[in-house]
Amino acid sequence: MTHRPLGEPLRTVRPHPEIHWNQSPQPDEVDPAVLAALLRRHGWQRRGGAAGRYGRWTPPGPGGGGTSLLVPESRAFPDSDDLLGEALLALARSGTPAAREVLLGLAVPSDEICWWRDAPTGPAGAASWAVEEQLRAAARQLLVAGALATRARAGYYGARHRRAALTTLESVLVGSAAGGRRLTAFAPVAAARPLAVRLHQALYAVREAIDYQRATGGMDAFDGAVEAGASRELTEALIALVRGAEGARIAVEWSPAAGVPEDCAASDEPVEFSPGDLPVLREAGARYLREEPSVPVRVTGTVVRMRRSGPRGEGSVRLRVLAGAEIPHVRLTLDEEDYRIAGQAHLVGLPVRVQGRLESRGGFRRLTGARGVVPVQVDEAERDRLMKSLQENLDFFEEACGGED
């Protein structure tokens, strides 16, 4: 058991995303035009009201006739704050998905990414657990693919940039899946608009590439789609979304508070995919995997595992990457001299620097042609931290016989 020294300052803890959006918006923070746009987006109907002063809105569905909101058209009238306060209170008390999503859009200006999946449902529109989980899993894959494309352009990422992509997803909020057929993700404009923009552009590029392949038989359009954000990760996500369904649609709707981003259309129709697209998507994914080249890198990392078959000769090493490549860990094979240097550096608490080529096969997790291993000097505080890590994890440092990483 380890204890924190009394004089050591507490580690800064990243605030949970919830603290930024779980507070209800106040009337003086709400733009009436934004509220009206969100109501319209989420199915509310305007049914009259004093022209130029306020509108009367009723919720979607057959049971909404008894409830209505009075929403001012502007703040030009003295009672606008009172009407907005009453509307916000009614939304908070409603508890319906249509009300919750409007409140969320007001609390955190967000671009909305919507998925519709035409999957079979059970009695009363209920979905099986597996159907709903498939929708959620596919939606998450699409978000990851979009986040990866904000970091770099590649036909296949593997393990690269994944940590940064998952960090981006921490700010994204997800609504409930309606019967396994519809799901909405809210991407806050301040933190995740690049994700929404890149996903929007990538989806249209893939749709156009599929149509081009059907018309000409050529796959060349998929090469150009990479610049828009297309990748093997995106095609795999679309396959997961469409497989087992009659079809699927995806739409990105821009935050009315932030407006439409550059190079994006204001009111695009959802992008549609069908089971007939699956063979082309599979071929495109295989093409991306096959053609993504290996990358020359110079990696700095700490040794976390060592193995070789005997007391001499080459051995395999696993590094925790500190710099030089956007991956968490990498495996490599070293000759006897470089293996010895790596072992000595590890024992004295120093990282090493090594050159080689990061291979796409296996997801960019292996360095081939590794050479030139040298210890890297670090300051005393970092060296002490590395030594402490070694002492606490001796079981993971192996100089064993046989076996793989």
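Is F364 buried or exposed in this predicted model? At 0% relative accessibility, F364 is buried (buried is under 20% relative accessible area, exposed over 50%, and partly exposed in between, with a 1.4 Å probe and protein chains only). The model is predicted, with local features needing pLDDT of at least 70 and side-chain atom pairs counting only at pLDDT 80 or more, while totals for chains, interfaces and linings use all residues. Residues are numbered from 1 along each chain as its sequence is written, and side-chain values use heavy atoms, with hydrogens and water left out.

**View 1. The aromatic pair of Y156 and F364.** Two aromatic pairs are counted in the structure (rings of Phe, Tyr and Trp, the last by its six-membered ring, pair if their centres lie within 6.5 Å; planes under 30 degrees apart are stacked, over 60 edge-to-face, and the rest tilted). Y156 and F364 make a tilted pair, with 5.9 Å from centre to centre and 35° between the planes. This pair links distant parts of the chain, 208 residues apart: Y156 is in the loop between α4 (129-151) and α5 (162-169), and F364 is in the loop between β12 (352-359) and β13 (366-375). Helices (H or I, at least four residues) and strands (E, at least two) are DSSP runs, numbered from the N terminus. Y156 is buried at a relative accessible area of 11%.

**View 2. The aromatic pair of F222 and Y288.** The rings of F222 and Y288 are paired edge-to-face, with centres 6.4 Å apart and 80° between the planes. Here too the pair links distant parts of the chain: F222 belongs to helix α7 (residues 220-225) and Y288 to helix α9 (residues 278-291), 66 residues apart. F222 is buried, with a relative accessible area of 0%. Y288 is also buried, at 4%.

**View 3. Arginine charges over rings.** A charge sits over a ring if NZ of Lys or CZ of Arg is within 6 Å of the ring centre and within 35 degrees of the ring normal. The charged end of R160 lies over the ring of F364, 3.7 Å from the ring centre. R53 is placed over the face of F77, at 4.6 Å from the centre of that ring.

View 4. Side chains of opposite charge can pair when their charged atoms come close. In the whole structure, 18 salt bridges are found (a side-chain nitrogen of Lys or Arg within 4 Å of a carboxyl oxygen of Asp or Glu). One of them joins D81 and R75, at 2.4 Å from N to O. D81 is partly exposed, with a relative accessible area of 34%, and R75 is partly exposed at 37%.

**View 5. A network of R207, D211, R214 and D277****.** D211 and R207 form a salt bridge of 2.8 Å, N to O. Because they are four residues apart in helix α6 (residues 189-216), D211 and R207 are separated by about one helical turn. D211 is partly exposed at 40% relative accessibility, whereas R207 is buried at 15%. R214 forms a salt bridge with D277, with the closest N and O atoms 3.0 Å apart. That pair links distant parts of the chain, R214 being in helix α6 and D277 in the loop between β8 (271-273) and α9, 63 residues apart. R214 is partly exposed at 47% relative accessibility, whereas D277 is buried at 1%. Salt bridges that share partners join R207, D211, R214 and D277 into one network.
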